[in-house]
Amino acid sequence: MRQAVNEYLEVFRDRVTERRQDGPRLVYICAPLRGEVEKNIAFARDKAREVFAAGNVPICPHLMFPPIADPENPAQDQAAREMGLRLVEKCQQVNVYGPVMEGMWAEIQRANKLDIPVVTDSKPKGRTSPRKKKSAKREEVK
């Protein structure tokens, strides 16, 4: 019961101050995993290298979970997805690469809910208010 209450209250905790910091940003790598798993892991690794080269900290679930959680095992896969969503909450930005797949939408929606910038190689994605859209400068993944 205590855990359920804590999880509920955690939703309301202000994470904006946690995400504001000087120095390297924690950047979540949101990319496809299903299908050609090995190829997609290599793709995510390359994108994580780009984030690292830009001076930020890549948070790449593709490099963390497949060695310990089998994507073909439903229970392990679900646990890894939930853990990935927790990682999104700690990041200052979510970079989206490749075609958006089902699991990626959950990560994008979590970032949007927490007002974490979601960027692709061309423009921000997700919900933005009309006022923000006019004044916000577009961010690009380098």
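Modeller: The mean pLDDT of the protein is 82, with 73% of its residues at 70 or more; pLDDT is the predictor's confidence in each residue, on a scale from 0 to 100. This is a predicted model, so local features need pLDDT of at least 70 and side-chain atom pairs count only at pLDDT 80 or more, while totals for chains, interfaces and linings use all residues. Residues are numbered from 1 along each chain as its sequence is written, and side-chain values use heavy atoms, leaving out hydrogens and water.

First, the setting. The protein has seven helices and four strands, which follow one another as α-α-β-α-β-α-α-β-α-β-α. Here helices (H or I, at least four residues) and strands (E, at least two) are DSSP runs, numbered from the N terminus. Of the 142 residues, 33% are buried; that means under 20% relative accessible area, while exposed means over 50% and partly exposed lies in between (1.4 Å probe, protein chains only).

Now to our helix. α3 covers residues 37–53, which makes 17 residues. From its first C-alpha to its last it reaches 24 Å, close to the 24 Å expected at 1.5 Å a residue; the expected span is 1.5 Å times one less than the number of residues. Asn40, Ile41, Ala44, Lys47, Ala48 and Val51 are the buried residues to look for in α3. They share one side of α3 because they cover an arc of only 125 degrees around the axis, where the arc is that of the directions from the helix axis to the C-beta atoms. Just after α3, Gly55 has a positive phi of about 95 degrees.

What do the buried residues of α3 pack against? Their partners are β1 (26–30), β2 (57–59), α4 (61–64) and β3 (93–96), where a contact means heavy atoms within 4.5 Å.

Three of those partners lead us to the sheet. It is an open sheet of four strands in the order β2-β1-β3-β4, with parallel pairing; two strands pair if DSSP finds at least two bridges between them. At its edges are β2 and β4 (118–119), each pairing on one side only. Four of the five residues of β1 are buried, so β1 is largely enclosed by the rest of the structure. Three bridges join β1 to β2 in the parallel sense, and Leu26 has Val57 in β2 as its bridge partner. Further along the sheet, β3 and β4 also run parallel, joined by two bridges, with Asn95 opposite Val119 in β4.

One more stop is helix α5 (residues 74–90), which holds Ala79 and Gly84. Gly84 counts as buried because its relative accessibility is 2%, whereas Ala79, at 32%, counts as partly exposed. Leaving aside residues up to four places away in sequence, Gly84 touches Tyr28 and Phe65.

Finally, a word of care about one stretch. Over residues 128–138, pLDDT stays under 50, and the model has four contacts for them beyond four places in sequence.
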